Amino acid sequence: MPTQNIPTIETNRLILRGPEAEDYPDFKATFSSYRARFMGGPLNTYEAWMLYAAEIGHWQIHGFGMWMIHDKVTDETYGMAGGWMPAGWPEREIAWIIWPDAAGRGYALEATHAARNYFYSQQGWDGAVSYIDPKNLDSIRLAERLGATKDKDANTIDGNDAVYRHPSADALKDSQIAHGIEMEISHYADPLFKPKGWALD
């Protein structure tokens, strides 16, 4: 799938587009930082470049992948969200990463919810998992807010990750979980909304 043919998704605040060359500096900065500690990082320059090339190539190989998260008004990038299944992954994964200075504003929730809806409604996925480092509490909380639950019987990548299984398309349809996600996203879109406590993505 050529990069220009990667579908675009619009949400209330965001536009999800395929990764482009001009997005690489933000990607490199994040994966070279402490923010990437739960995703194999921090990476050196070569490793970051190889991973970004894999992000683009993943769309070519599988017909799905990770979108770059853009602000609908400013076009600023906030991170990535989408599908991921490199060699060795037992199942298709819903994954995300938010740049450090964009954390805590609900962008990961909004983008990941939209990406999952696309995979379910447009590509016929019947489910997905998220592989999360057990120490990555922010991602675990986000997975749970998306309705995913820990699946202790699922195959892991290397035995060091926890598997969170997302609800199926049928389970999400018109569900309390889906309505709750939409309500939370609308709260983050309210400029007067100032969440307290943990800085949730």
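Biologist: In this predicted model, does Trp 125 count as buried or exposed?
Modeller: The relative accessibility of Trp 125 comes to 3%. Since a residue needs to be under 20% to be called buried, Trp 125 counts as buried.

Biologist: Which residue has its charged end over the ring of Trp 125?
Modeller: To qualify, the CZ atom of an Arg must be within 6 Å of the ring centre and within 35 degrees of the ring normal. At 4.5 Å from the centre of the Trp 125 ring, the charged end that sits over this ring belongs to Arg 92.

Biologist: How are the rings of Phe 64 and Trp 125 arranged, stacked or edge-to-face?
Modeller: The count of aromatic pairs comes to 12. For Phe 64 and Trp 125, the ring centres are 5.0 Å apart and the planes stand at 85°. Planes over 60 degrees apart fall into one class, so this pair is edge-to-face.

Biologist: How many residues apart in sequence are the parts that Phe 64 and Trp 125 tie together?
Modeller: Phe 64 lies in the loop between helix 2 (45-62) and strand 3 (66-71), whereas Trp 125 lies in the loop between helix 3 (107-122) and strand 6 (129-132). The pair therefore ties together parts whose separation in sequence, in residues, is 61.

Biologist: Which strand holds Tyr 131, the partner of Trp 89?
Modeller: Trp 89 and Tyr 131 form an edge-to-face pair, with 6.1 Å from centre to centre and 85° between the planes. Trp 89 lies in the loop between strand 4 (77-84) and strand 5 (93-98), so the pair ties together parts 42 residues apart in sequence, with Tyr 131 in strand 6.

How values were computed:
Residues are numbered from 1 along each chain as its sequence is written. This is a predicted model: local features need pLDDT of at least 70, side-chain atom pairs count only at pLDDT 80 or more; totals for chains, interfaces and linings use all residues. Side-chain values use heavy atoms; hydrogens and water are left out. Rings of Phe, Tyr and Trp (its six-membered ring) pair if their centres lie within 6.5 Å; planes under 30 degrees apart count as stacked, over 60 as edge-to-face and the rest as tilted. Helices (H or I, at least four residues) and strands (E, at least two) are DSSP runs, numbered from the N terminus. Buried means under 20% relative accessible area, exposed over 50%, partly exposed in between (1.4 Å probe, protein chains only).
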